[in-house]
Amino acid sequence: MDLRSSIYSRQWRVRQKLAAIRFGGSGTPTNVPLPAGFAPRKVLFILAGLIGDSVMSMAAIKAGRELWPEAAVTVLGKRQTREILVGTDHFDEFYEFDHDPFSLRRSGEVKQLLQWLANERFDLAIILLGDQFAHLLARVEVPIRVGTAGTPLEKCLTHTYEIGSPRTWGTNERLNAIRCLGYTVDRAVPGLAVDPNAAATARDKLRNLGLDEEDYIVLHPFGSTRRQWWNLGASAKFAEAVRERHDLETVLVGGPEAAGSIGSELRDRVLDSTGLLSLGELIAVIADAKVVVTTDSGPYHIAGALGRPIVGLFRARRPEHAGAYPTATVLFGKSDECMADCGWDQCATEPCRQMSDISVAHVLKSIWVAIGQIRNETGIEPDKSSC
């Protein structure tokens with residue numbers, strides 16, 4: 001971390017501590033169960049996080065909607081959050097806010113957000129992702145304020161919930177945001193819906209890329225950091241084998257940041273949609289895929305929430321969400337050197353040795369299993385030579 005970033009990070013932490021002192025209570029949150037028959041008029045969910053984390057947290061919003069069917073439910077989140085939620089009936093209103101509430105450069109937008117919160121007069125606010133919003137809820141005196149335990153702004157909350165380790169939490173841990181209020185909520189797998197408008201534009205974009213057939217595989221070998229990437233040379237060989245053995249095209253998906261890294265070896269063997277799809281369109285493309293091959297990243301969680309067959313490409317160093325979805329077959333790249341030399345979220349080498357350990361043959365075998373499970377639907381007869 002450079003000096004400038006270090007100074008900013010330090011002042012950001014100091015400002016959170018000062019906000020907790022100024023706007024927090026004198027003690028710890030009480031976690032008193034809500035009275036029987038509690039019926040809030042207006043409920044706010046804060047969902048300001050990454051794509052995969054947001055997908056895993058959606059089940060809590062659905063649970064709130066079912067518990068309080070008469071309440072007006074509002075979600076505060078980033079632009080991408082809105083695209084994730086479009087098509088669901090979990091909420092009524094959405095307030096878009098893409099900034100950190102402690103940002104010095106965005107003080108004007110933060111003031112507008114604070115005024116909006118004061119005007120809305122929510123009865124209940126639940127922070128699923130975005131712990132740094134807690135002091136704003138306290139400032140406008142939302143009566144019931146729920147957030148994760150152990151954060152710098154914990155004293156600004158009336159109720160807290162445990163998520164266990166930040167490394168391992170999933171959907172069930174986020175449901176604790178409802179349970180801490182005294183409700184019983186069963187485990188659940190998050191669900192997504194496809195926006196019809198996004199589906200139409202996604203189909204047009206795939207046709208423009210040359211997709212003539214309905215059946216295709218989605219491949220996402222990227223990740224938010226390079227240590228999550230699967231080898232692009234292996235990706236090219238995989239796409240070529242899928243076309244030859246299963247007569248299926250491979251649609252390569254990824255953000256604009258990945259587009260510049262794709263060489264001709266891979267681009268010549270896939271339908272390259274990197275940087276072309278909105279998040280809503282990505283959801284639609286994944287929803288229609290026969291199989292989704294992806295690293296532990298946003299598309300993995302999107303595919304799981306949509307119930308699509310998945311081949312997950314994971315590092316053995318990071319197995320946390322491997323069992324999150326019943327439709328996923330997960331391959332673990334392994335390296336004893338990585339287990340000894342690398343940190344939980346830090347690779348000692350690039351490319352990652354564990355991701356490089358995942359072979360094309362292993363992925364193809366898992367694809368055969370996934371295609372075998374759906375062959376009655378597609379009419380495709382798996383090529384056993386891929387084993």
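**Figure 1. Lining of the largest cavity.** Arg315, Arg317, Cys338, Cys342, Gly343, Trp344, Asp345, Gln346, Cys347, Cys352 and Gln354 line the largest cavity. Its volume is about 40 Å³, and the structure holds one cavity of 30 Å³ or more. By class, the lining has five nonpolar, three polar and three charged residues; Ala, Val, Leu, Ile, Met, Phe, Trp, Tyr, Cys and Pro count as nonpolar, Asp, Glu, Lys and Arg as charged, and the others, Gly among them, as polar. The model is predicted: local features need pLDDT of at least 70 and side-chain atom pairs count only at pLDDT 80 or more, while totals for chains, interfaces and linings use all residues. Residues are numbered from 1 along each chain as its sequence is written, and side-chain values use heavy atoms, with hydrogens and water left out. On a 1 Å grid over the protein atoms alone, a cavity is a set of points where a 1.4 Å probe fits but cannot get out, and a pocket is an open set with protein on both sides within 12 Å along at least five of seven lines; lining residues have an atom within 4 Å of a point. Grid points are joined across faces, edges and corners, and a volume is the space filled by probe spheres set on the points.

**Figure 2. The second largest pocket.** This pocket has a volume of about 310 Å³. Of its 15 lining residues, Arg15, Pro101, Phe102, His135 and Arg139 lie nearest the centre. Helix H1 (3-23), helix H4 (107-120) and helix H5 (134-139) each give two or more residues to the lining; helices (H or I, at least four residues) and strands (E, at least two) are DSSP runs, numbered from the N terminus. H1 supplies the largest share, five residues. The lining of the second largest pocket comprises eight nonpolar, three polar and four charged residues.

**Figure 3. Two loop residues with positive phi.** Arg121, in the loop between H4 and strand S4 (124-129), has a positive phi of about 55° although it is not a glycine. Arg121 is exposed, at 61% relative accessible area (buried is under 20%, exposed over 50%, partly exposed in between; 1.4 Å probe, protein chains only). Glu141 lies in the loop between H5 and strand S5 (144-148), and its phi is near 60°. Glu141 is also exposed, with 63% relative accessibility.

**Figure 4. Surroundings of Phe45 in the largest nonpolar core.** Phe45, Trp68, Ile126 and Leu181 have the most contacts inside this core of 65 residues. A nonpolar core is a set of buried Ala, Val, Leu, Ile, Met, Phe, Trp, Tyr and Cys residues joined through side-chain atoms within 4.5 Å. Beyond its neighbours within four places in sequence, Phe45 is in contact (heavy atoms within 4.5 Å) with residues including Ile61, Trp68, Val75, Ile126 and Ile178.
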